[in-house]
Amino acid sequence: MSEPLSTERLQELAARHLWMHFTRMSSYTNGESLPIIDHGEGSYLWDHQGKQYLDSLSGLFVVQVGHGRQELADVGAQQGGRLGFFPLWSYAHPPAIELAARLAEMSPGDLNRVFFTVSGSEAVESAWKLARQFFQLTGKPGKYKVITRQTAYHGTTLGALALTSVPSMRAPFEPLPAGARKVPNTNNYRRWTDGSIDGLTDEQFARATADQIALTIEMEGPDTVAAVFLEPLQNAGGCIEPGPGYFQRVREICDEYNVLLVSDEVICAYGRLGTMFGCEKYDYVPDMITSAKGLTSGYSPLGAVLVSDRIFEPFGQDKNSFAHGITFGGHPVSCAVALANLDIFEKEDILGNVVNHQDEFAAMLNRVAADMPIVGDVRGDGYFMAMELVKDKATKAEFDRDECESLIRGFLSPRLFEEGLICRADDRGDPVLQFSPPLVAGPVEFAEIERILRIVLSEASDRVVQ
Ligand SMILES: Cc1ncc(COP(=O)(O)O)c(C=O)c1O
């Protein structure tokens, strides 16, 4: 074995050769401040110099069962030794078959067919293509458009990016594929306003927001709209809850207009909200679920689109096939790891851990928020929560772009990291801090999050008040 490289040498090489994602590379031209994460265990990570961090983001909403699970690595190694690769193009292999059957068994309604991808973006992209071909096969070729919500993030490949509603991510790549329309999201702290919804109850607001989908379908023409893509709990914008009755109304609308309901659960599936699938938390059955991330807890990459029998049916007839494939989709090593990951869910009652501790998690964040003038709102569900940061709690006054930049990028992100807390400070919508700890975390981790938040948010509040 060659000698391990020093931290300095790794930083130097990274600064010269590694292109990090969504990263201002100019920050690292001298390489010195680049964090290099070396290993992990449970909810904790250690950098290359041995400093410990609490990972309250699960990597990137991924590592459900925690870091350092040797049994998952071992399963991957065993499968790699037996069958390191074979595609699902006209062939199959036992891990993909077993995983598809297990997901079909676990998922709600008649979601019984699984199309594997590698990533979440590919799952979203595949689901849009699937919806379009479904309508071609069923005699409605004009139905190709999709509806998504303001600020929502659905991935970065061009199709998925067309669904994404974050202007700064879209702008460099426009024009994007045609056909994606946007509707308001369910943010109840900052309601979308057109005057007509002032004073509505939460239920009425949720219904009015769902009705915007019907209005958009009518405006576009029902014969042109194929699908609506919605996350159960919307990530970008800060863990935006659907509101009571929202998804029930959306389901009605989709049925009325023959539009497919796609539940984008790249984050919300596999326990994040305390249920195996996010749609179960809010009690609706979609036509498709897009998923990735937590399916393997990140020990090997894998995405999956779960599809209802009804949508699969025309693809299973005559000479038809879904005209789409990805070499590494359903990789045998990843499928074997996913099966072992799901075994851990069962053996250790991972969902039970979330259900038993989610109130405590929310209570901790609310306690911190109550003492911090800078925190305007706490929202989310399960182990997926956010704090919205405001200039003035009483008026909900927002930071302008420059203030956001200096608060989020200039202060909060580096200070939290310095104190040993990995979470997400995000300003794709209003500025928020997001927390999604591994699903094995509990009171010990919450206490640590609280301790660090109190230090850093007090400092941030002082900076804002001055
Ligand atoms: C809801 C949603 N859809 C799609 C994606 C894209 O997934 P990936 O980064 O694996 O391509 C993400 C990523 O965070 C997501 O949150």
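## Legends to close-up views of the predicted model

**Figure 1. Overall view of the predicted model.** The protein has 15 helices and 15 strands, and the model shown here is a predicted one. The radius of gyration of the protein is 22 Å, close to the 23 Å that the globule rule gives for 466 residues, so the protein is as compact as a globular protein of that length. Taken along the principal axes, the C-alpha atoms of the protein fill a box of roughly 65 × 65 × 45 Å.

Figure 2. The domain assignment of the protein gives domain 1, made up of residues 35–65 together with 349–465, and domain 2, which covers residues 71–347. The C-alpha centres of domain 1 and domain 2 lie 26 Å apart, and the contact takes 28 residues from domain 1 and 27 residues from domain 2. On the side of domain 1 that touches domain 2, two or more residues are given by each of the helices α2 (58–61) and α13 (350–371) and by each of the strands β11 (375–381), β12 (384–389) and β15 (432–435). Helix α13 gives the most to this side of domain 1, with five residues. By class, the residues on the side of domain 1 that touches domain 2 divide into 14 nonpolar, eight polar and six charged.

**Figure 3. The open sheet of seven strands.** The strands of this sheet follow the order β4-β10-β9-β8-β7-β5-β6, and their pairing is mixed. The edge strands are β4 (111–117) and β6 (180–183), each of which pairs on one side only. Neighbouring strands of this sheet are turned by 25° against each other on average, with direction ignored. Within the sheet, strand β5 (residues 145–149) and strand β7 (residues 225–230) pair in the parallel sense over three bridges, and valine 146 stands opposite alanine 227 in β7.

Figure 4. Helix α4 (residues 94–106) lies across β4 and β10 (303–308), and helix α4 runs at about 135° to β4. Helix α8 (residues 202–220) lies across β5, β6 and β7, where helix α8 runs at about 145° to β6.

**Figure 5. The shell of residues around the ligand.** The ligand is surrounded by 13 residues, of which the closest are Ser119, Gly120, Ser121, Gly155 and Val266. Helix α5 (residues 120–137) gives the most to this shell, with three residues. Sorted by class, the shell around the ligand has five nonpolar, six polar and two charged residues.

**Figure 6. The open sheet of four strands.** The order of the strands in this sheet is β1-β2-β3-β13, again with mixed pairing. Strands β1 (37–41) and β13 (421–422) stand at the edges, each with a single partner strand, so one side of each is left without a neighbour in the sheet. Strand β1 and strand β2 (residues 44–47) pair in the antiparallel sense over four bridges, and isoleucine 37 stands opposite aspartate 47 in β2.

Figure 7. Most residues other than glycine have a negative phi, and most peptide bonds are trans. The peptide bond from glutamate 174 to proline 175, however, is cis, with omega near 0°, and proline 175 lies in the loop between α7 (167–170) and β6. Serine 90, a residue other than glycine, has a positive phi, with a value near 75°, and serine 90 lies in the loop between α3 (70–82) and α4.

Note on methods
Residues numbered from 1 in each chain as written. Predicted model: local features only at pLDDT ≥ 70, side-chain atom pairs only at ≥ 80, totals over all residues. Pairing = 2+ DSSP bridges. Axes fitted to C-alpha atoms, helices over the stretch in contact; angles between N-to-C directions. Contact = placed C-beta atoms within 7 Å. Near = placed C-beta within 6 Å. Nonpolar A, V, L, I, M, F, W, Y, C, P; charged D, E, K, R; others polar. Domains from an automatic or database assignment. Rg over C-alpha atoms; globule rule 2.2 N^0.38 Å.
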